[in-house]
Amino acid sequence: MGLPAALKAHKDGNIQLACHHYERALQQKDYKAALFQNYGALLREQGEQKRASLIYKHGLKLYPRDRGIRSNYANLIKS
């Protein structure tokens, strides 16, 4: 469960299940850069800009040099 399940559900297009598992990964503190990059992107696609921003900021505190998180956050700010 958690991050691997979220990534699979996201890839398969099952957005509701992906959100559930991303949240579970956050609760389990499975803090990998992919969690913040992909969950932020999913939230942004769903129109949840404020939540996406919070996810990206959290990820950047842990992974300040991660290109994926930085790039996605910059795109969010631009839009």
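Leaving out residues up to four places away in sequence, Tyr56 touches Phe36, Gln37, Gly40, Ala41, Ile69, Asn72, Tyr73 and Leu76, where contact means heavy atoms within 4.5 Å. The model is predicted, so that local features need pLDDT of at least 70 and side-chain atom pairs count only at pLDDT 80 or more, while totals for chains, interfaces and linings use all residues. Residues are numbered from 1 along each chain as its sequence is written, and side-chain values use heavy atoms, with hydrogens and water left out.

The protein contains 5 helices and 0 strands, both being DSSP runs numbered from the N terminus (helices: H or I, at least four residues; strands: E, at least two). The order of elements from the N terminus is α-α-α-α-α. Tyr56 is also one of the residues with the most contacts inside the largest nonpolar core, together with Tyr22, Leu35 and Tyr39. This core has 22 residues; a nonpolar core is a set of buried Ala, Val, Leu, Ile, Met, Phe, Trp, Tyr and Cys residues joined through side-chain atoms within 4.5 Å. At least two core residues come from each of helix 1 (3-12), helix 2 (15-27), helix 3 (33-45), helix 4 (49-62) and helix 5 (67-78). Helix 3 supplies the largest share, 7 residues. In soluble globular proteins, nonpolar side chains tend to be buried together.

Of the 79 residues, 39% are buried (buried: under 20% relative accessible area; exposed: over 50%; partly exposed: in between; 1.4 Å probe, protein chains only). The C-alpha trace spans about 30 × 25 × 20 Å along its principal axes. Among contacts between residues at least 6 apart in sequence, 39% join residues at least 24 apart.

His21, in helix 2, is buried because its relative accessible area is 7%. Apart from residues up to four places away in sequence, His21 touches Met1, Gly2, Leu3, Ala5 and Ala6. His58 lies in helix 4 and counts as partly exposed, at 29% relative accessibility. Beyond its neighbours within four places in sequence, His58 is in contact with Tyr31 and Phe36. His58 and Ser71 are 13 residues apart in sequence and 14 Å apart in space, C-alpha to C-alpha.
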